[in-house]
Amino acid sequence: MSSPIPATSVAGEGVAAADTPGQLHAPRSPQGRKKKDFTPLWLLTPAGLVILAVTIVPIILLIFISFTDYNRRSLFTGEFAVVGLGQYASIFTDVAFWWSLVRTVFFATALVAGSIAIGMAVADLLTRLAPAMRYVVTVVLIFAWAVPNVASSLVWDWLFQPGFGVANWLLTQTHLFGDLTQVNWAQDPVLAYLAIWLLIVWQAVPFIALTLYASQTQVPSEYFEAARLDGASEWGIYWKVAIHFLKPTLLLVTILSVIWDFNVFNQIWLVSQGGPNDATATLGIWTYKTAFVGFHIGEGAAIAVVTTVLLMIFTAYYIRNLVRAGEDL
Amino acid sequence: MTTTPPQETLSGARPRKRDARRRRKLRLGANISAIVFSVIWIFPVYWMINTAFKPRPEVMTPTPIFFPKHPTLSNFIDAFTQSNFLLNLRNSVIVVAGAVVLSIVLGLLASAALSRFRFRGRRTIMVTILAVQMLPGTALLIPTFLVFNSLNLLGTYIGLILAYVAVVLPFSIWVMRGFFIAIPYEIEEAAMMDGAGNWRILWSILFPLVIPGVIATSIFAFIAAWNDYLVAYTFMKDQTMYTLPVWLASFSNPITGTDFGGQMAGSVLFSLPVVVFFLLIQRKLVAGIAAGAVKG
């Protein structure tokens, strides 16, 4: 019953479309649809109403709440006061907000840089392997990718457990850093970041590596052979030849990583709860703590709005890129 | 190793031989790096499984035990019998099934409209759907929490299902639309020539053709809802209403000490369906995840 669907045409063409602009356009029906055809309207109405109710209205509400002093009491009484830009004024004058923003930007940058660099290396590695080895690496990547991040965060907690963590033990065996067996990673700002960085990069690399590998295999091998004949080094071939073909995919993967890494919540929450002393409280964690631990909901909403606006720069860029890459919106 | 010729020569044979040797070395180096990489990358998964099968005295040891000496299922049996596992599993299944079915049915109709018809406002709708997926989790969480609080939907299945639909439906529309686009227009045109109307074309031609896509999308939707921690953790405060991720995280107890054997057994059980699905849809994975199915 099914015409096999080529992998590249599966939805998030985003990534694939970049390589083959034009192919994924829905061919326009020659005569076009007749006017006054209400079929699409009927098809869209149910989903449209639901999206309106569970997504659009809440976003508008979020903006409204950010202008109020909604708090724990309001949850029971329903009473609150409109304070205008008061919440924004107070977060922008709060040093803690700026620190949280700085932390978020730095940490997201470190995450994106780390996962893209390792992902590129692994993708290139995949092209050089014997088929059996390539299969092994692919399966390993899929496992690392598939473990839900709640489970992997708990695994991390266990790997780095003071006294019993296997990571602590292995690092101690290297005799490079002294006795680390009793180190509590989550209680040290630098080590907490390091552990969470490793966790997120560990899970992000598979998607990036497999995506880049998919587009690297599309590069005609003549280009590499020609470069090799000219005596170019493998390093030079990658940066001069392969990178040229990988650029569009790389760009999309980077934008997606920026958006995802900026929004990371679970891994930080489950490994360090944003601690010690808010050292790992990125904007996501800080919003959550403000809104759902302290129940300063109005203020939390204002932080969420600011975060959303910051992210919108990347989201807009991502969407524009899809459109430019030939995605027929 | 053979001796290398002293002088550079441009004529055929020798450079090619040297080239072949260089390539063989490169290939060997690549395969060795791949082994090292694989061992490091699989280790956390191995350690999760390894711990899950260890009896209690072998879990908490100052020198880690790399292979269980007395492998046991007791951690799994504990998980099944002692805690709310089965109850919370049932919650997860109900909520995930509800969110997936609702999103897929509504999403199928909407994605048909957005792929096979051209009309004004279509572009705006697509951009909105894409943009919504990129919102930070807390942005939707805060207003939804307040609305559900006043409607008494916090801690209920319906509330959680609707909260998941908010995330899963836009993404399902986006993914399924891709499957619709892959169907050639000629098929539709042939049917139109035969006098079939829009609804008939949809029902008898397009929907059957898109079934593989619906299955793939359902899997993505399942994974997204199954993995959620943030919403369930915020909405479901009664232990009997926890979903599996919240159940799993609630094992951690800094005061009495976490039962790591039990927690890892739980992690294995919780991860199992997702890993199976990932292996099943391997080929469509890259594209689907790019659409936002599973966020880092």
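Analyst: Leaving aside neighbours within four places in sequence, B:Val165 is in contact with residues of both chains: A:Val50 and A:Val54 on one hand, and B:Ala99, B:Leu102 and B:Ser103 on the other. The model in which these contacts are found is a predicted one.

B:Val165 also belongs to the largest nonpolar core, a set of 181 residues. Within this core, B:Val165 is among the residues with the most contacts, together with A:Ala209, B:Ala99, B:Ile142, B:Tyr164, B:Val168 and B:Ala225. One of these, B:Ala99, is a contact of B:Val165 as well. Helix H7 of chain B, residues 157-181, provides the largest share of the core, with 18 residues. Because domain 1 (13-74) and domain 2 (77-290) of chain B both give residues to the core, it lies between them. In soluble globular proteins, nonpolar side chains tend to be buried together.

Chain B has 14 helices and zero strands. Of its 296 residues, 49% are buried. Among contacts in chain B with a separation of 6 or more, 75% are between residues 24 or more positions apart.

Chain B is divided into domain 1 (13-74) and domain 2 (77-290). Taken over C-alpha atoms, the centres of these two domains of chain B are separated by 34 Å. Where they touch, nine residues of domain 1 are in contact with eight residues of domain 2. On the domain 1 side, helix H1 (13-52) and helix H2 (56-59) of chain B are the elements that give two or more residues. H1(B) gives the most to that side, with four residues. By class, the domain 1 side has five nonpolar, two polar and two charged residues.

Terms used:
Residues are numbered from 1 along each chain as its sequence is written. Chains are lettered from A and ligands numbered from 1 in the order in which they are written. This is a predicted model: local features need pLDDT of at least 70, side-chain atom pairs count only at pLDDT 80 or more; totals for chains, interfaces and linings use all residues. A nonpolar core is a set of buried Ala, Val, Leu, Ile, Met, Phe, Trp, Tyr and Cys residues joined through C-beta atoms within 7 Å. A residue is buried if 20 or more other C-beta atoms lie within 10 Å of its own, exposed if 12 or fewer, and partly exposed in between; C-beta atoms are placed from the backbone. Domain bounds come from an automatic or database domain assignment. Two residues are in contact if their C-beta atoms, placed from the backbone, lie within 7 Å. Ala, Val, Leu, Ile, Met, Phe, Trp, Tyr, Cys and Pro count as nonpolar, Asp, Glu, Lys and Arg as charged, and the others, Gly among them, as polar.
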